[in-house]
Each structure stands twice: as C-alpha cells, then as structure tokens.
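Subject: A structure for you to explore

Hi there,

Here is the structure I promised to pass on to you. Have a look at it first, and then read my notes below.

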Amino acid sequence: MESLDVLILAVEASIALAGFAGIIASFQFGAGQDVKRGDVVGLEMIVQFSLLVALASSIPIGLIVTGFKEETIWTVSSVVGAILILPGLYLNYKALSGVKTGAVFRYFVFFAYIVSGLFIVLYMMNALDIVFHRVPGPLIWAQIWFLSLAGFMFSRLLLRPLWRRVRQQEAANLNTTTSG
C-alpha cells in the first residue's frame, strides 16, 4: 500500500470516527440524561484527535497531488504535524483539568502525553533529515497513534454510561436484598 493510500484511509477513518462519536453522543445524552464533564471531554478528545488526523493527513495528500517533490512533501508535513500536536495537547490538558479521574486514567493520560511529545520530536527529526530521511513513516505512525487514542476514547464514550447504569442497578439490587 502506498503512502497516499494510507493517508486517504486515515482521513476517511478519522472523519468516520468523529461522525459516529457525534451520533452516539446525541443518542446517549438526550433530554433528561445526566451529562458528566468527563463524557464531554471524552467526546471532545475523539473529535479533536480525529479531525487533527484528517487535517494532518490532508496536507501531504494536497502536496502529493500538486506535484511537489517527496522531500518537500514530508518536510512540510512533518513541521505542520509537529505544530498541530501542540494545541491538541494543550486543549486536552485544559479540558481534563476539571475532570475527576482515577489513578489509572491519570497514568494513561500522562503516558499519552509523553508518546505524543515523542511524535513532535520524531516529526522534527524527519523534517531535519536526522535518522529519518524525510519519509512518510513518522507521519503515518503518528496518525495511527492519534487514531488509536480517539478509538480508545470512543470505547469509553460507549461503555462509561453502560457501566454507570450497571453499577446503579447492582446497588439497587443490593439495597433491595439487604432491606427485604
């Protein structure tokens, strides 16, 4: 599979993921439903990561179809990709600051920030022709990483309300057995 095909697939997958998340959220959080800050932040992360992947993948696609040289395509795309990661991390950090999370999720977020920061370094190494020689590899690995993060948050969007309801039902069943 050529890099252009992978980039087009990344655009399609990221837009589909963002769209499905929006549809699910609109059904889950209808009138009368409790919406927690964590749910909104999760949805925000899915949409932001997905659309940033779509944008970061669209830039090299545009450069490829315009006829730029390979070296120029991957240099420009690497610099722009590194620049796009920074506001994404900042916005997610800001959104997560008011969310009550468990220790495991905090460790996960810390790990995700470290890996995302490493992608900034890999992008710049690619742009500067250090180790990577202006190739699509670091960009494609970053797209996989950020789509994986969006996919993980998508699974949380689906499962958190279900687990919340299961815990409520178990608590209600426990109360009826102990009182009866």
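To start, in which helix is the place of Ser50? Ser50 sits in helix H2. Before going on, please keep in mind that this is a predicted model, in which local features need pLDDT of at least 70, side-chain atom pairs count only at pLDDT 80 or more, and totals for chains, interfaces and linings use all residues. Residues are numbered from 1 along each chain as its sequence is written, and side-chain values use heavy atoms, with hydrogens and water left out.

A word on the helix names: helices (H or I, at least four residues) and strands (E, at least two) are DSSP runs, numbered from the N terminus.

Ser50 is buried, with a relative accessible area of 0%. Here buried means under 20% relative accessible area, exposed means over 50%, and partly exposed is in between (1.4 Å probe, protein chains only). Leaving aside neighbours within four places in sequence, Ser50 is in contact (heavy atoms within 4.5 Å) with Ser14, Leu17, Ala18, Met45 and Ala150.

Some of those names come back in helix H1, where the buried residues include Ser14, Leu17 and Ala18. Leu7, Ala10, Val11, Ala21, Ile24, Ala25 and Gln28 of H1 are buried too. The expected span of a helix is 1.5 Å times one less than its number of residues. The 26 residues of H1 (residues 3-28) should therefore span 38 Å, and the end C-alpha atoms are 37 Å apart, which agrees.

**Aromatic rings**

How many aromatic pairs does a search of the whole structure find? It finds 5. Rings of Phe, Tyr and Trp (its six-membered ring) pair if their centres lie within 6.5 Å; planes under 30 degrees apart count as stacked, over 60 as edge-to-face and the rest as tilted.

One of the pairs is Phe108 with Phe152, which is tilted, at 4.5 Å centre to centre and 45 degrees between the planes. Phe108 lies in helix H4 (residues 103-127) and Phe152 in helix H5 (residues 137-179), so this pair ties together parts that are 44 residues apart in sequence. Phe108 is partly exposed, with a relative accessible area of 24%, and Phe152 is partly exposed at 32%.

Another pair is Phe111 with Trp145, which is edge-to-face: 6.1 Å centre to centre, with 80 degrees between the planes. Phe111 belongs to H4 and Trp145 to H5, so the pair ties together parts that are 34 residues apart in sequence.

Which residues here have a positive phi although they are not glycines? Asp129 is one of them, with a phi of about 65 degrees, and Val131 also has a positive phi of about 65 degrees. Asp129 is found in the loop between H4 and H5, and Val131 lies in that loop as well. Asp129 counts as partly exposed at 36% relative accessibility, while Val131 is exposed at 58%.

**Cavities and pockets**

The structure holds 2 cavities of 30 Å³ or more. On a 1 Å grid over the protein atoms alone, a cavity is a set of points where a 1.4 Å probe fits but cannot get out, and a pocket is an open set with protein on both sides within 12 Å along at least five of seven lines; lining residues have an atom within 4 Å of a point. Grid points are joined across faces, edges and corners, and a volume is the space filled by probe spheres set on the points.

The largest cavity holds about 110 Å³ of space. Its lining includes Phe49, Tyr123, Gln143 and Phe146. The largest share of that lining, 5 residues, comes from H3.

The largest pocket has a volume of about 290 Å³. Among the residues lining this pocket are Phe27, Gln28, Arg164 and Arg165. H5 gives the largest share of the pocket lining, 5 residues.

Enjoy exploring!
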